[in-house]
Amino acid sequence: MKHKLPFTPAALVLALGFGASSAQALDYTGYFRAGPGLTSEDASRACYGLNGGSKGMKYRLGNECDFYGEFQLAQGFSKDGIDTKAVLMVNHYTGATDNSSEGLKIEQMWAEAKGFDIAPNATFWIGKERGRRGDVHIVDTFFVEMMGVGAGMKGLPAGTGKFGVAFYKTDSDAVHPGNRFNAEWVDVAANANGKINLFASITKGDFEDGKSGGGLTLRHDQTDLFGMTGLNNVLFVQASQGSAALNMNFGDLTAGSKAKGWRIVESVNWQRGVLGGQAMLLGASETDGAGVRTTSLSAGGRMSYAFTKNFKLVTEAGYSQYKTEGAPTAKLAKLTIAPTLATGPDFWSRPEFRLYVTTAKWNAPAGNVTGQAAFADKTNGTSYGAQVEWWF
């Protein structure tokens with residue numbers, strides 16, 4: 001008898017898993033966060049963040065109201081000197097507690113191969129993938145995110161670094177269709193324990209009056225800053241114009257040359273004995289297609305202190321502001337204290353099981369930073385909750 005199974009992301013995950021060769025291990029990785037929360041107002045759990053672009057930095061500890069998880073399977077194969085791999089990732093997002101209507105979605109599905117005789121050190125790929133990304137964890141923001149449906153090559157030796165190119169196409173119903181070309185030169189030796197990474201983006205709207213654009217990012221990665229083991233630093237310097245976004249992805253494909261922006265992000269992370277943490281400083285200026293300019297600033301950090309191998313106290317403070325031409329400055333500050341259980345004493349040890357208290361204060365020009373009616377005329381709030389965060 002033949003049975004037909006409905007095609008869903010979950011069924012595809014099972015098919016890939018059961019279809020894996022017994023001679024080669026199936027690799028799996030993932031991430032999720034979840035937990036309940038309360039707020040001081042007569043409302044659902046509240047989270048606090050300014051809205052939009054670089055002005056929207058939201059310091060995330062004790063300040064995430066959603067459930068999110070992503071789960072990836074990868075299977076490698078080797079034949080005649082060619083190493084290949086197929087990858088599938090599904091994810092689930094729920095914007096509020098106990099609401100599972102959004103289901104599983106395919107986040108990535110791509111294949112790659114390395115070892116072809118024309119370029120034995122390069123990796124070729126086709127599909128839907130995240131590509132090169134670079135983030136600051138405490139604000140859950142990817143300042144470089146060259147993701148999408150496309151094809152490309154990466155890892156080609158070039159000087160002291162590696163070169164890659166990719167082409168992406170978007171045909172989403174939610175946005176105008178467009179084309180994007182990305183190039184990268186990464187892991188370029190610079191100073192002692194330091195490397196430079198360069199990323200470029202060219203975009204073009206694939207429709208009548210679709211606009212072109214371009215962007216450039218320099219990222220400097222430094223380990224053992226000032227010769228101190230466990231002290232690391234990342235610096236982003238970014239600029240874009242037209243229909244390209246600052247993160248090297250698609251921007252507004254209808255935006256012409258008036259749209260432009262720059263952003264500088266400095267982030268340091270450390271682990272020195274029982275004390276670990278991450279801090280960030282951001283400055284940005286973004287002008288929209290109508291020529292209206294917004295400047296923004298954000299500064300904050302998270303610190304963990306391990307009292308025992310498995311118990312640490314984690315605190316996070318953050319401040320963000322932005323000013324749009326012709327409008328007053330919007331401001332938001334938050335503070336979180338979170339007693340935490342973890343598998344180890346380090347800042348990056350996961351999973352973490354947290355209890356937290358978060359308090360936030362903002363000014364009237366920031367508007368309703370929670371999006372909840374109960375806070376329509378408020379300029380402060382306090383939330384309580386529990387959260388698990390896990391990557392594996």
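**Close-up views of a predicted model**

**View 1. V139 and the largest nonpolar core.** Setting aside neighbours within four places in sequence, V139 is in contact (heavy atoms within 4.5 Å) with M57, K58, Y59, R60 and M280. Both V139 and M280 are among the residues with the most contacts inside the largest nonpolar core, which has 20 residues; V136, I138, F143, V265 and L282 complete that list. A nonpolar core here is a set of buried Ala, Val, Leu, Ile, Met, Phe, Trp, Tyr and Cys residues joined through side-chain atoms within 4.5 Å. Strands β8 (141-145), β10 (161-170) and β16 (275-287) each supply at least two residues of this core, and the largest share, three residues, comes from β16. Another core, of 11 residues, lies apart from it and includes L50, A330, A360 and F375.

A word on the model before you zoom in further: it is predicted, so to say, with local features needing pLDDT of at least 70 and side-chain atom pairs counting only at pLDDT 80 or more, while totals for chains, interfaces and linings use all residues. How many disulfides (pairs of cysteine sulfur atoms within 2.5 Å) does the model hold? The count comes to one, formed by C47 and C65 with their sulfur atoms 2.2 Å apart. The link is right-handed, with 110 degrees about the S-S bond. Both cysteines sit in the loop between β2 (37-39) and β3, so the pair ties together parts that are 18 residues apart in sequence. C47 and C65 are both buried, meaning under 20% relative accessible area, where exposed is over 50% and partly exposed lies in between (1.4 Å probe, protein chains only).

**View 2. A tilted pair of aromatic rings.** The whole structure holds 14 aromatic pairs, counted for rings of Phe, Tyr and Trp (its six-membered ring) with centres within 6.5 Å; planes under 30 degrees apart are stacked, over 60 edge-to-face, and the rest tilted. The rings of Y31 and Y68 have centres 6.4 Å apart and planes at 45 degrees, so this pair is tilted. Y31 belongs to strand β1 (residues 26-34) and Y68 to strand β3 (residues 67-79), so the pair ties together parts 37 residues apart in sequence. Strands are DSSP runs of E with at least two residues, numbered from the N terminus. Y31 counts as buried at 11% relative accessibility, and Y68 is buried too, at 16%. Together with F347, W348 and W391, Y31 and Y68 form one aromatic cluster.

**View 3. Arginines over ring faces.** R133 lies over the face of F142, at 3.7 Å from the ring centre. R180 lies over the face of Y168, at 4.1 Å from the ring centre. A charge sits over a ring if NZ of Lys or CZ of Arg is within 6 Å of the ring centre and within 35 degrees of the ring normal.

View 4. Is R302 buried or exposed? At 3% relative accessibility, R302 counts as buried, whereas Y305 is partly exposed at 39%. The side chains of R302 and E316 are joined by a polar contact of 2.9 Å; such a contact is a pair of N or O atoms within 3.5 Å, where within protein one must be able to donate a hydrogen and the other to accept it, and residues adjacent in sequence count only if both atoms are side-chain atoms. Not counting residues up to four places away in sequence, Y305 touches V274, L275, F311, K312 and L313.

Conventions: Residues numbered from 1 in each chain as written. Heavy atoms only, no water. Helix = DSSP H or I, 4+ residues; strand = E, 2+ residues; numbered from the N terminus. Disulfide = S-S within 2.5 Å.
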